[in-house]
Structure formats: C-alpha cells, structure tokens
Amino acid sequence: MQSRFSRFLFAIAIGGLFHFSGAEAFAQDGDAGNPTEWIVRESKHLRLASDVNEPELLKDLTQSFDAAVPQWLAFWGIPESRLENWKIDGYLMRNVDAFRERGALPASITPFRHGFSSPGTIWVRYQDTRYYNRHLVLHEGVHSLAFELFGAGGPSWYMEGTAELLALHRERVIVPKRLPPESEEPARTLLAQSMDPFTINQFPRNRADTPGWGRYKIVARDRDANSLPTLKSVLKLPMELNGKVEAYTWCWAAASLFSQAPESREAFLKAAGRGADQSEAFTSEFYRDVAEDWPVLSARWRLLLNDLDYGFDWSRHRIALSTSDPRATGAPFALRVSSDQAWHSTGQWFPRGARLRFAASGQCQVTRDWISGPAGISIEFHRGAPLGQLQVCVLPIASPDQGTLPPMQIQSVITKTDVARQIALGNSDADAEDSLVSQGSQEVLIREPSWVLLRINLPIDHQPIASDSALGYQVKVVPVR
C-alpha cells in the first residue's frame, strides 16, 4: 500500500526481472520456516509464493484473485479477453529479510508496512487475519492491473482510492445446506456446504465482515473530533502517502462517492485512461469534468462522512440533489418521509435568512417491536437522539473552503413536548398541525443558501420491515414570514 509510483521507472525496469519458475526457485510444499523452500500456489492470474505454512490460505488468495479480475474489468467496462493471458507473481511474506536475501524483494524497494507492487509483481506482508491478507493481495493486484491497462494508476487519491475500492470485499460465508431426504448418504443430518459468490466493492455490514480493515474507526474518530477532510483536500493529497491509514481511508471514501454519484461516475471511470499522468493535470482535468456539479458532490461528501458506518448501503443514500433545484417560493408544501431512504430532499433550495417550521404526523416501525411517531421513542436512542425521531438537515450549497468540514447542522423537527402540548389541548389533527407550525415546533434558520433534507433517525443498517411499506411521516413545511 505504500506509494510505489514515485519510483515508476524503477518499477518498470524491475517488473519482469523477479519472476521465478518451477523448482529452480521454490519447492511446491515444504518447511515454510526454511527460506529455501517456500510454498507456491498458482492460478490463472496469480502465482503466489510464501514462507507462511498455510496452504489453504494461499489457495484462498489465488482463487479470490482470479474471481476479482473479471469484476475489476467489468468495473471499467473492459472485456475479459483483454487479460486472457495476464498473470503476475506475488509474495506473501512473514520473514521479509529472507525474501530480500533471496532477491525476491529487491533491495531498492524501501521498507513498507503492508504491501508494494510493480507492473508484474506484488509483495504483501503477512497479516493476522485472513480477510486482511486477501484485501492486501487484491489492493496490490489492482495497482499491477492499472499498469497493465492504463500505464499507471494516476495520482494518490485516484490510485489508492480505486485500489481500496476494488479490494474491499466481504468474507466468504459458508452456508449450511441440509442434504435432500432422498439422498443415499448414510448420515442424513450431515450438512453440505455452499459458499456465497465472491464479490468486490462491498461495504462491510459489521466488523466481522472486514477484520483488520479499520477504516470506519478512523471515520468515526475524526467525525467526533470535527476533523473530517473536505473533498477538495482529498484531491490534493501528496503522491507519497507513507502508509498513513487515514489517507487511504479518505481516498477510498472519495473513490466510492465518485464511482456512485451520477454527477461524477462517468468522469471517474474515464479518468483511469489517463493513469500514466500522475501530475496535477490529472486532477485538474477530472475537476473540470465535474466542476458544474461540484457543489452537489461536496454536499454528498458531507452526508457520506456523517453517515458512514457498518451497514452503510448506497441504495439507501441516493439523495435527489441538483444545482438545478428551484429556489423556494415561500409557499407551504408537504412531503412524505419514509424509512427506506436515509435522507429525503425537499427538492428546492432556500435563501439566506429563510426560517422554517414543521408539522408532522404518521408512524414508522423502527424495530419489530416498536412503532414511533415523529418525536421518536425515548426508550431507544441512535447517535444521541430518540430512535424514529424526524430530523432536518440544513446542507449549505457552497463548498467549504477550509481543510476540514464544519459540523453538520442536524436537529429534531418535533419534540415530545410539542406532541404533549397538543394532546393536552385536545386539538384535532388539523388544528394540531396549525398550532405546531405557528407556536411549538422547532424553528430552523437558514444562515446561507442551502438545501433542506429530512430523515427518520434510524441506525445506518436499518432494514425496513415488510409491514412498514405503507408507513412513514407526512411532513408539512411552512416558511415563517
């Protein structure tokens, strides 16, 4: 993972020189503690040698690599025939010095913490978890693939971002499968085992999905410290990241955003073709391609880093934002907010100085046992607020200029006190709405031109319950004159 492209010419020079073959370099099996006898496992696209005496791990790594290659090509829209004969050498190293002594790890390559790659070879330091060994082999493989397809991987934000994006995957899951009754197997209670397909570019559902990866911990830490980077600052990261895990985190998050957002996906994929250019010109051209929609991308970045955690799913975070959204007319309007989407846009932007009040009604099933109203349920909380609470976010249109993001402006729309007051007054639903808007609901002040978004406060991994399809909050938004 250490930046390898500042030594690009050197890497090209050595790329084909450290390919060993057959028994001349390795024994197929043996005492892995003996540096003269490394275990070798070979597949269509990867020949992997290691001093780690775990044959099943090496088999898993080569199989996963082969399974990832067609998915990498599909990501860029490149036919599989392009890599029909592509194959690289790999080294999974516990005793790094032994590989240097053998010449398998050139002395010219400076020490690295996790992995390193050249056009035809990758080197990975052995890790404590199977997942992270696999992740690093895939990460370095993407770098070698970028050499093959595009001449290199571009500047660090693009190079490391795409490598992390295309290396992130979920651990294979063994699914128990009971033998059919008519089976002639003597032990009918035995379970056959089937395996989920191996897929890349998958957000982890929980810590068990990606042991050793740790990117979400960094996001949460910096979010709590109000030190999240702006999107523009990520594009200005230096070529040499020096193994800083934080920098890889932001590169991956930016690559995920750019490859998912409709405003940038085409430009992001097209930029790979300029991979041999590692200068500022690469980033400048990409920025020109998306400049018109940069305010939207910057806003999406703020929402992404605010919400990013285990269970994040882009399908619930496809928010309708556009620089073409009309200015608010000042007239009241209504919208429905449901649990199947994280944020709901009001579909317009509000000028500086606008003030808004809200009324809301309806129900949302927040767990299998609990149904909530717009004020939320106070027996369970998520990120310090009642579960099911209706929340509003004022999202500035202007992109932040400083190197870190200002805190998100998110607040409740209606509190328990508001609801209790209406119950005490005995108002009808219509009267309650008018009273909440005019007297009691939380007032939101727009301090600069902004979009206004609404959501139900739920865990990021919330899955709408089947019976919840017709539920949600009906929200009335009234500008205060």
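Reader: How many helices and strands make up the secondary structure of the protein?

Author: In this predicted model, the secondary structure comes to 14 helices and 18 strands. Of the 481 residues, 52% count as buried, and the protein exposes about 21200 Å², of which carbon and sulfur atoms supply 50%. Among the contacts with a separation of 6 or more, 71% are accounted for by residues 24 or more positions apart.

Reader: Why are helix 6 and helix 9 called roughly perpendicular to each other?

Author: Helix 6 and helix 9 (residues 245-260) pack at an angle of about 80 degrees, with their axes 7 Å apart. Angles of 65 to 115 degrees count as roughly perpendicular, and the two helices are therefore roughly perpendicular to each other. On the side of helix 6 the contact is made by Ser156, Trp157, Glu160, Gly161, Thr162, Glu164 and Leu165, and on the side of helix 9 by Tyr248, Cys251, Trp252, Ala255, Ser256, Phe258 and Ser259. Sorted by class, this contact has seven nonpolar, five polar and two charged residues.

Reader: Why are helix 3 and helix 6 described as oblique to each other?

Author: For helix 3 (residues 55-76) and helix 6 (residues 156-167), the axes come within 11 Å and cross at roughly 125 degrees. Since roughly perpendicular covers 65 to 115 degrees and roughly antiparallel begins over 145, helix 3 and helix 6 are therefore oblique to each other. The crossing of helix 3 and helix 6 is right-handed. Here Trp72, Phe75 and Trp76 in helix 3 meet Tyr158, Thr162, Leu165 and Leu166 in helix 6, and by class the contact has six nonpolar, one polar and no charged residues.

Reader: How do you know whether leucine 165 is buried or exposed?

Author: Leucine 165, whose place is in helix 6, has a relative accessibility of 1%. Buried means under 20% relative accessible area, so leucine 165 counts as buried. Leaving aside its neighbours within four places in sequence, leucine 165 is in contact with Phe75, Asn201, Trp252, Ala255, Ser256 and Ser259. The C-alpha atoms of leucine 165 and valine 142, 23 residues apart along the chain, are separated by 9.7 Å.

Reader: Which class, buried or exposed, does leucine 58 belong to, and what makes it so?

Author: Leucine 58 lies in helix 3 and has a relative accessible area of 0%. With the limit for buried set at under 20%, leucine 58 is therefore buried. Not counting residues up to four places away in sequence, leucine 58 touches Ile39, Arg41, Leu48, Ser50, Val52 and Leu92. One of these, leucine 48, is ten residues from leucine 58 along the chain, and the C-alpha atoms of the two are separated by 7.2 Å.

Reader: Why is glutamine 402 called partly exposed?

Author: Glutamine 402 is found in the loop between strand 14 (390-396) and strand 15 (409-412), and its relative accessible area is 39%. Buried requires under 20% and exposed over 50%, so glutamine 402, in between, is partly exposed. The C-alpha atoms of glutamine 402 and proline 229 are separated by 8.8 Å, although the two are 173 residues apart along the chain.

Reader: What makes the phi of asparagine 226 and of arginine 383 worth a remark?

Author: Most residues other than glycine have a negative phi. Asparagine 226, which is not a glycine, has a positive phi of about 55 degrees, and arginine 383, also not a glycine, has a positive phi of about 50 degrees. Asparagine 226 lies in the loop between helix 7 (215-224) and helix 8 (231-234), whereas arginine 383 has its place in the loop between strand 12 (377-382) and strand 13 (385-387).

Methods
Residues numbered from 1 in each chain as written. Predicted model: local features only at pLDDT ≥ 70, side-chain atom pairs only at ≥ 80, totals over all residues. Heavy atoms only, no water. Axes fitted to C-alpha atoms, helices over the stretch in contact; angles between N-to-C directions. Helix = DSSP H or I, 4+ residues; strand = E, 2+ residues; numbered from the N terminus. Parallel < 35°, antiparallel > 145°, perpendicular 65-115°, else oblique. Left-handed = near helix turned anticlockwise from the far one by under 90°. Contact = heavy atoms within 4.5 Å. Nonpolar A, V, L, I, M, F, W, Y, C, P; charged D, E, K, R; others polar. Buried < 20%, exposed > 50% of the residue type's maximum accessible area, 1.4 Å probe, protein only. Areas by Shrake-Rupley, 256 points an atom, 1.4 Å probe, with all protein chains shown as cover.
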